[in-house]
Amino acid sequence: MDGAVPQFARIMEVKAIMTERSFNLVVPLAHKATDMRIADTTGSNRDWSGAVSLLKNRPGDVESTMVTAGPGIRTSTTATRTTTTPTTRSARAPSAGWSTPDFSFAELVQAYFDCRRTKRNSPTALAFEANLERNLRALHDELKDGSYTPGCSLCFIITRPKPREVWAADFRDRIVHHLLHNRIAPRFYAAFIADSCACIPGRGTLYGAERLESKVRSITQNWSRDAFYLKCDLANFFVSIDKRILRDLLARRITESSWMSLAEAVLFHDPRQNFAYRGAPSALDLVPAHKRLTNQPAHLGLPIGNLSSQFFANVYLDELDQFVKHRLGCRHYIRYVDDFVLLHDSAEWLNDAKAQIEVFLANKLAARLNPKKTILQPILRGIDFVGQVIKPWSRSLRRRTFNDAIQRVRSIDAEEVFETANSYFGLMRQASHGHHDRALLGKELMRRGYSIKSDLTKTFRKNSK
């Protein structure tokens with residue numbers, strides 16, 4: 001063939017015949033991505049009257065209960081250094097014998113594209129892309145011959161909306177997560193109920209808010225009659241997930257031994273065995289001990305921050321969805337991660353449903369409700385769900401979130417205003433009655449010299465002089 005052979009064709013040879021497909025692996029770097037926001041879906045601890053007091057034996061806030069801590073994390077004395085800390089605990093090992101997953105190289109490339117969509121400018125993503133063809137080929141071979149093992153994770157603390165311990169897998173491991181998700185997720189999604197939201201394509205916070213609003217209108221006959229809602233939240237959800245129970249739930253629909261082996265490798269990987277901590281050591285004290293993955297037994301807990309954890313959490317709580325919909329017969333029900341709402345015209349029925357749910361969670365999922373965040377009230381008082389408050393004829397942004405938005409826009413550095421303000425504009429646009437909130441946010445931005453689009457949907461960067 002005349003001319004030089006393209007580098008991609010020379011390096012990325014595959015023995016199997018693949019369907020012809022072109023990939024542009026080298027494209028200009030995307031613009032600086034807006035930081036992903038973690039929505040606070042647990043609701044605020046607002047005061048309410050005691051008109052409905054059917055919930056019995058409501059103890060204090062479980063968030064204040066401290067459990068016995070396991071081996072802690074040794075950190076450096078400076079905020080910039082990172083320390084890798086091995087632990088002596090071990091998780092349940094994957095099933096013996098690795099069989100080769102039946103995926104094509106094209107599927108791995110697609111998983112890479114999916115992974116880099118919001119991580120393009122991260123240091124690990126840039127390092128992987130520097131030798132993209134060679135790294136993808138090496139990862140492909142490791143998965144095929146069974147030598148793949150997850151690498152070092154990054155642990156750090158976030159403080160908004162509340163202190164949390166986040167574990168970010170290495171970029172090449174996140175590619176494996178996407179590969180596994182792309183292959184097995186559709187069969188699980190097909191069995192999920194339509195009222196299961198979060199981390200499912202097309203079912204984000206806006207979907208959850210609109211669907212709950214339609215259910216409220218249905219049970220109240222368009223706000224013309226009274227009804228009640230029961231809102232629940234699971235206590236310490238991610239760090240209390242039992243991997244052994246989850247493994248059995250995955251095995252119900254993953255019939256291929258090769259993909260089940262890969263799922264087990266991801267599920268039972270303990271990031272605490274090999275991780276680097278980023279940030280000030282004092283930030284660890286902001287997270288309660290019973291909410292730290294580092295203080296849990298090896299068979300409990302999923303790392304917050306990975307696609308695999310989000311997907312596994314939905315598989316875990318699908319058992320709750322099926323119980324509420326088909327065993328309790330609750331027509332008006334919706335769940336977003338570990339927050340869920342039941343609607344009914346009888347407060348007594350909801351109180352009995354709560355008792356049955358508590359028994360089911362304890363017996364089947366080794367989980368429990370957070371009593372401080374369990375609420376039974378008339379619908380007319382408003383339902384705080386996925387960051388929005390649904391009241392008669394209106395759906396508005398939660399007041400705490402709005403106040404935080406105004407305070408942040410007033411105080412943050414100029415280089416952060418563009419991304420932060422537009423993120424809040426996008427959040428406010430989801431509320432059907434968010435125009436007034438956007439107008440107030442726009443006034444704060446104009447006081448700082450920023451221009452606002454006429455429909456109050458975005459702000460613009462300042463011209464550099």
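Predicted model: local features only at pLDDT ≥ 70, side-chain atom pairs only at ≥ 80, totals over all residues.
**Overall make-up**

The secondary structure of the protein comprises 14 helices and 11 strands. Of its 465 residues, 49% count as buried. Among the contacts with a sequence separation of 6 or more, 76% are accounted for by residues 24 or more positions apart.

Helix 13, which covers residues 414–429, and helix 14, which covers residues 435–447, have axes that come within 10 Å and cross at roughly 165°. Because angles over 145 degrees count as roughly antiparallel, helix 13 is roughly antiparallel to helix 14. The crossing of helix 13 and helix 14 is left-handed. On the side of helix 13 the residues that meet helix 14 are V417, A421, Y424, F425, M428 and R429, and their counterparts in helix 14 are D437, R438, L441, G442 and L445. By class, the residues of this contact of helix 13 with helix 14 divide into 7 nonpolar, 1 polar and 3 charged.

Helix 3 contributes T124, A125 and F128 to the contact, while helix 5 contributes F171, R172, R174 and I175. The residues of the contact of helix 3 with helix 5 divide into 4 nonpolar, 1 polar and 2 charged.

**Accessibility of selected residues**

The table lists relative accessible areas for selected residues, together with their class.

| Residue | Relative accessible area | Class |
|---|---|---|
| R395 | 5% | buried |
| W223 | 11% | buried |
| P378 | 18% | buried |
| S122 | 19% | buried |
| A366 | 43% | partly exposed |

R395 is found in strand 11, which spans residues 394–397. The side chain of R395 takes part in a polar contact of 3.0 Å with the side chain of E213, and a polar contact of 2.8 Å links the side chain of R395 to that of Q388. Leaving aside residues up to four places away in sequence, R395 touches a set of residues that includes L206, A209, E210, V389, I390, Q430, A431, S432 and H433.

S122 lies in the loop between helix 2 (105–116) and helix 3 (123–130). A polar atom of the S122 side chain lies 2.9 Å from the backbone oxygen of K119.

P378 belongs to strand 8, residues 375–378. Although P378 and L343 are 35 residues apart in sequence, their C-alpha atoms are 9.6 Å apart in space.

**Backbone features**

Most residues other than glycine have a negative phi, and most peptide bonds are trans.

W223 has a phi near 65°, a positive value in a residue other than glycine, and lies in the loop between helix 6 (205–219) and strand 4 (228–233). A366, which is likewise not a glycine, has a positive phi of about 55°. The position of A366 is in the loop between helix 11 (347–365) and strand 8.

The peptide bond that joins R160 and P161 is cis, with omega at about 0°. P161 lies in the loop between strand 1 (153–158) and strand 2 (164–168).

Definitions and conventions
Residues numbered from 1 in each chain as written. Heavy atoms only, no water. Axes fitted to C-alpha atoms, helices over the stretch in contact; angles between N-to-C directions. Helix = DSSP H or I, 4+ residues; strand = E, 2+ residues; numbered from the N terminus. Parallel < 35°, antiparallel > 145°, perpendicular 65-115°, else oblique. Left-handed = near helix turned anticlockwise from the far one by under 90°. Contact = heavy atoms within 4.5 Å. Nonpolar A, V, L, I, M, F, W, Y, C, P; charged D, E, K, R; others polar. Buried < 20%, exposed > 50% of the residue type's maximum accessible area, 1.4 Å probe, protein only. Polar contact = N/O pair within 3.5 Å; in protein donor to acceptor, adjacent residues only side chain to side chain.
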